[in-house]
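Subject: Structure handover and findings

Dear colleague,

My notes on it follow directly after.

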Amino acid sequence: MKVAHHNVAEKSNNALVRLEPDLRFCPLCHECGQPARRVHSRARKFVRDLSFGERRMILQVEYRKVLCASCRKVRVERLDFVDIHQRVTLRLAAYAAELCRRGLSVDAVAHHLGLDPKTVKAIDKAALDREFGETRYEGLQRLAIDEIAVKKGHRYMTVVLDYDTGRVVWMGPGRQIATLDEFFGKMPENVRTGLQAVAIDMWEPYIASIQKWCPQADIVFDLFHVVKAFNKVIDDIRNEEFRKADAAGKETLKGTKYMFLKNWGNLKRHQKVRLNEILDLNQRLNTVYWLKDFLAHIWEYHIPGWAKGAIAEWCSVAREDGHPALARFARTLERYQYGIINHCKHRIHTSKLEGVNNKIKVVKRVAYGFHDLDYFALKVKQALPGRVSDN
């Protein structure tokens, strides 16, 4: 190309440069890259370039449509400084993508460059897709899998984390069997058979998909999710005891919800005194609180036989109390005890994903929410590339 004309408007911030084909050079087909000897027609389009000082640079590009002998079609000539489908130069696109990479929102970048937010988003998404679009399966040995809420109304995405490096490997909409099937189905067989352990919560669709695709991998259930599930049982029983209590008992139990849910070490001195008084007065709540502490202690065992025995003891105490909710939870614990016992062998959990979830929330806040889930997944991968594995 050659500069045919340039003009700086005095009363605006625009500078115009008109570019024309340099006839000393043969045009190349943008599809196959082969020289094209015959020109079919000419066309023009306006393209934004990097600003020059306070001036917004606008290029009026005249380009040729050529008859490509290799493609046997009419093609647009290749231009090294602009994509034929874009209205911005490649260097402006690279600058916009870099600003997005540095944490600026699409709206902020659009305002700074004077571009449409949709244009900036398309630029950023294309750059991310080139770098993170293809799922990288290499080096995977231990995974952590959990879901995150992306929209109101129980809209979830499944997040797969490389436990050893902290890299977000994959994200997919939903949390059904088909969601993880898509991930494992595209995984190379040698990687799939080499997986050692997967940390998840007690969610049946995840369990079914893991057992289907990589049955040799040990499933490890996370302490946080199990205790969280038991906390719901505790709160239900506390509310039930509150309803049955007399006036004095109601006054004693009033406002104690979070005392029962917190760990003993996190309670303040006056809270410990009050909780001890309640536990001395109410045998059932005393049993429930003891079971809560003992449940967390099970994950501290390193020997499978001891962990199995502790689970059996926990279930025995829960059944002796006679409360239906405790009996149901005991059955659940026995059903999924294999995943708790596997923690003796693999000291992994999904708490790493809790930190990941916090970073994902930051990504969502910067973007004021995402309507394009593919773009959202790419932004999360960019924000959480992981570190080099120690293995």
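Predicted model: local features only at pLDDT ≥ 70, side-chain atom pairs only at ≥ 80, totals over all residues.

**Helix α2**

Helix α2 covers residues 106-113, and its buried residues are V106, V109, A110 and L113. Viewed down the helix axis, these buried residues fall within an arc of 100°, so they line one face of α2. Their packing partners are β3 (38-48), α1 (90-101), α3 (117-132) and α16 (373-383). On the face turned away from the buried side, α2 carries the exposed residues H111 and H112.

A positive phi also occurs at R72, which is not a glycine; the value there is about 60°. R72 belongs to the loop between β4 (56-68) and β5 (73-76). Its relative accessibility is 76%, and R72 therefore counts as exposed, the cut-off being over 50%.

In soluble globular proteins, nonpolar side chains tend to be buried together. The largest nonpolar core in this model has 35 residues, and those with the most contacts inside it are F230, L295, W314 and L333. At least two residues of this core come from each of α7 (223-244), α9 (257-261), α10 (269-281), α11 (283-298), α12 (304-321), α13 (324-335) and α14 (337-341). The greatest contribution is that of α11, with seven residues.

L295 illustrates how these parts meet. Residues up to four places away in sequence aside, L295 touches L223, V226, V227, F230, W314, F329 and L333. There is also a second, separate core, of 23 residues, which includes Y137, F184, V191 and I200.

**The five-stranded sheet**

Five strands form an open sheet in the order β8-β7-β6-β9-β10, with mixed pairing. The edges are taken by β8 (167-173) and β10 (218-221); each has a single partner strand, so one side of each is left without a neighbour in the sheet. On average, and with direction ignored, neighbouring strands of this sheet are turned by 25° against each other. Helix α4 (residues 177-185) packs on the sheet, where it touches β6 (142-151), β7 (155-162) and β8, and its direction makes about 135° with that of β8.

L16 lies in strand β2 (residues 14-20). With a relative accessible area of 26%, L16 is partly exposed. Apart from neighbours within four places in sequence, L16 is in contact with H5, H6, N7, F46, I58 and Q60. L16 and F46 are 30 residues apart in sequence, and their C-alpha atoms are 9.4 Å apart in space.

C29 is found in the loop between β2 and β3. Its relative accessible area is 0%, and C29 is thus buried. Beyond four places in sequence, C29 is in contact with Q34, C68, C71, R75, V76 and R78.

**Cysteines**

How many disulfides does the model contain? A disulfide is a covalent bond between the sulfur atoms of two cysteines. With a cut-off of 2.5 Å between cysteine sulfur atoms, the count comes to zero disulfides. For C315, the closest cysteine sulfur is that of C344, at 15 Å, which is too far for a bond. C315 counts as buried, at 0% relative accessibility. C100 also counts as buried, at 3% relative accessibility.

With kind regards

Definitions and conventions: Residues numbered from 1 in each chain as written. Heavy atoms only, no water. Core = buried A, V, L, I, M, F, W, Y, C linked by side-chain atoms within 4.5 Å. Buried < 20%, exposed > 50% of the residue type's maximum accessible area, 1.4 Å probe, protein only. Helix = DSSP H or I, 4+ residues; strand = E, 2+ residues; numbered from the N terminus. Contact = heavy atoms within 4.5 Å. Pairing = 2+ DSSP bridges. Axes fitted to C-alpha atoms, helices over the stretch in contact; angles between N-to-C directions. Arc of directions from axis to C-beta.
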